[in-house]
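Me: I'd like to go through this model and check the labels against their cut-offs. Can you walk me through it?

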Amino acid sequence: MKFEILISTMFRTDLSFLERMFSKNNIEDYNILIINQTDASKILKSNLDNISVINSFERGTSASRNLGLKNATAEICLFADDDTVFKPHFKEIILKGFNEHNNAYMVTFEAVDKNNIPHLNYCKAGLHNKKTLKTIHMIVMAVKPKLLLEKEVFFNDYFSLGGKFSGATEYVFLRNALHQNLTAYHQKKIIVEHHELSSGKQLSSDRVIHTRSARKNHFTNSFIAILWLLKYILFLLRKRLITFKEVYPKFKVGLKGIDDYNDLLNKGLIKRQQ
């Protein structure tokens with residue numbers, strides 16, 4: 001099976017950033033497609049046969065990932081950020097995963113930080129469902145682009161860093177694929193090293209509350225989303241991630257996320273998925 005790495009980055013003018021990413025591997029052994037979101041003054045070029053570059057003037061993580069999917073040339077592709085460090089033998093681990101689950105459009109793996117501590121409390125190995133997909137982030141997702149393109153499963157531009165709702169990119173995408181009856185599996189094998197992910201402070205940020213409220217609305221309805229928001233605010237208060245004085249302001253942020261989603265829905269710009 002042909003394997004390709006889809007790397008998203010921004011404003012790059014040379015390939016030196018790849019050195020750290022492949023510090024534990026031989027870069028010449030891999031086919032790489034770089035999506036460089038940039039402007040006309042910062043164009044990235046490659047003179048290496050195994051590295052292709054697309055300079056894009058769009059913005060947003062979803063736009064970058066979709067461009068990668070549409071231009072992928074391999075049967076199996078791994079999403080990557082420009083600060084990912086690949087573990088030794090990660091390609092062999094991924095290809096073995098697809099050999100074991102040849103009916104899957106996606107096999108997910110695990111990431112650790114620089115101290116070799118897992119990023120998340122990952123789900124058990126096996127078939128993914130709505131709950132387990134919540135533990136998955138971009139850099140552990142290996143996919144079959146052809147299957148996704150056939151089902152017209154793409155990343156949602158509204159749920160995207162740089163989009164209307166700044167996050168939930170992976171989960172909205174994965175739920176869309178699940179809705180199309182595409183099968184995914186998780187394997188408890190480490191393939192990448194990456195810096196820390198979300199902290200408790202981020203859980204209480206306006207960005208997260210706004211996005212998660214909209215996400216709940218996307219998969220249910222406004223009434224259930226409001227009930228969920230109340231529960232989430234109480235969770236943050238109980239965990240002392242917000243103070244009592246912040247309860248109402250944070251609740252208003254969540255309500256705005258629900259209202260912003262409804263505005264897109266009423267304009268026919270997005271479709272609710274239940």
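Predicted model: local features only at pLDDT ≥ 70, side-chain atom pairs only at ≥ 80, totals over all residues.

Me: What makes I136 count as buried?

Reply: I136 has a relative accessibility of 5%, and buried means under 20% relative accessible area, with exposed over 50% and partly exposed in between (1.4 Å probe, protein chains only). So I136 goes down as buried.

Me: Where is I136, and which residues is I136 in contact with?

Reply: I136 sits in the loop between β7 (126–127) and β8 (141–143). Helices (H or I, at least four residues) and strands (E, at least two) are DSSP runs, numbered from the N terminus. Contact means heavy atoms within 4.5 Å. Leaving aside neighbours within four places in sequence, I136 is in contact with T108, H128, M141, E170, L174 and H186.

Me: Why is Q187 called buried?

Reply: Its relative accessibility is 7%, so Q187 counts as buried. Q187 belongs to strand β9 (residues 184–193). Neighbours within four places in sequence aside, Q187 is in contact with I93, G97, E100, H101, V107, T108, F109 and E110.

Me: And what makes S213 buried?

Reply: S213 has a relative accessible area of 0%, and therefore S213 is buried. S213 is part of helix α7 (residues 206–219). Not counting residues up to four places away in sequence, S213 touches A225, W228, L229, G254 and I258. How far is S213 from Q187 in space? They are 30 Å apart, C-alpha to C-alpha, and 26 residues apart in sequence.

Me: Why is M10 called partly exposed?

Reply: M10 comes out at a relative accessible area of 40%, so M10 is partly exposed. M10 lies in strand β1 (residues 3–10) and touches N36, Q37, R59 and D82, not counting residues up to four places away in sequence. For M10 and R59, the C-alpha atoms are separated by 9.3 Å, though the two are 49 residues apart along the chain.

Me: What makes E19, H89 and R240 exposed?

Reply: Take them in turn. E19, in helix α1 (residues 18–21), has a relative accessible area of 60%, so E19 is exposed. H89, in the loop between β5 (85–86) and α3 (90–100), has 55%, so H89 is exposed. R240, in the loop between α8 (222–238) and α9 (247–266), has 76%, so R240 is exposed. As for backbone angles, phi is near 65° for H89, a positive value in a residue other than glycine, and near 60° for R240, again a positive value in a residue other than glycine.

Me: How do you know that the radius of gyration agrees with a compact globule?

Reply: The radius is taken over C-alpha atoms, and the globule rule is 2.2 Å times the number of residues to the power 0.38. With 274 residues, that puts a compact globule near 19 Å, and the protein chain has 19 Å, so the two agree. The C-alpha atoms fill a box of roughly 55 × 45 × 40 Å along the principal axes. The chain's secondary structure comes to nine helices and nine strands, and 50% of the 274 residues count as buried.

Me: What makes a set of residues a nonpolar core, and which residues have the most contacts inside the largest one?

Reply: A nonpolar core is a set of buried Ala, Val, Leu, Ile, Met, Phe, Trp, Tyr and Cys residues joined through side-chain atoms within 4.5 Å. The largest has 65 residues, and I7 and I94 have the most contacts inside it. I94 touches F3, I76, L78, F109, A142 and I191, residues up to four places away in sequence not counted. A second, separate core of 12 residues includes V208, A225, Y232 and I233.

Conventions
Residues numbered from 1 in each chain as written. Heavy atoms only, no water.
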